[in-house]
Amino acid sequence: MVNGVAFVIRAELFRRYDANIISSFLLASPIMGVILGYGLLADPLNWWVGLGALFVAFGIRFVYQSS
């Protein structure tokens with residue numbers, strides 16, 4: 001059910017905005033997964049996870065500014 005709702009929202013966003021902007025924000029879902037895993041399931045965080053999140057955040061910012 002959640003996947004169906006996410007698909008509808010994503011389709012609506014693709015209809016309204018450029019694909020490169022929407023695609024860059026879809027890359028943020030792994031970061032949200034890590035944050036929710038840490039907050040809800042007490043999964044451990046380490047430096048590599050933080051470094052990966054930083055790379056994804058900079059990539060999203062780069063794509064958003066260049067379009």
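Patches are built here from residues with over 30% relative accessible area and no salt bridge, like charges being joined within 9 Å and nonpolar side chains (Val, Leu, Ile, Met, Phe, Trp, Tyr) within 5 Å. In this predicted model, local features need pLDDT of at least 70 and side-chain atom pairs count only at pLDDT 80 or more, while totals for chains, interfaces and linings use all residues. Residues are numbered from 1 along each chain as its sequence is written, and side-chain values use heavy atoms, with hydrogens and water left out.

By that definition, M32, I35, L36, L40 and L41 make a nonpolar surface patch of about 550 Å², an area from the Shrake-Rupley method with a 1.4 Å probe, where for residues only the protein chains shown count as cover. One of these residues, I35, lies in helix α3 (residues 29-41) and is partly exposed, at a relative accessible area of 47% (buried is under 20%, exposed over 50%, partly exposed in between). Helix α3 itself, with 13 residues, spans 17 Å from its first C-alpha to its last, close to the 18 Å expected at 1.5 Å a residue, and A42, which follows α3, has a positive phi near 60°.

The whole structure holds two salt bridges, each defined as a side-chain nitrogen of Lys or Arg within 4 Å of a carboxyl oxygen of Asp or Glu. E12 meets R15 at 2.7 Å, N to O, the two being three residues apart in helix α1 (residues 2-16) and so separated by about one helical turn. E12 also pairs with R16, the closest N and O atoms lying 2.8 Å apart.

Terms used:
Helix = DSSP H or I, 4+ residues; strand = E, 2+ residues; numbered from the N terminus. Buried < 20%, exposed > 50% of the residue type's maximum accessible area, 1.4 Å probe, protein only. Expected span 1.5 Å × (residues − 1).
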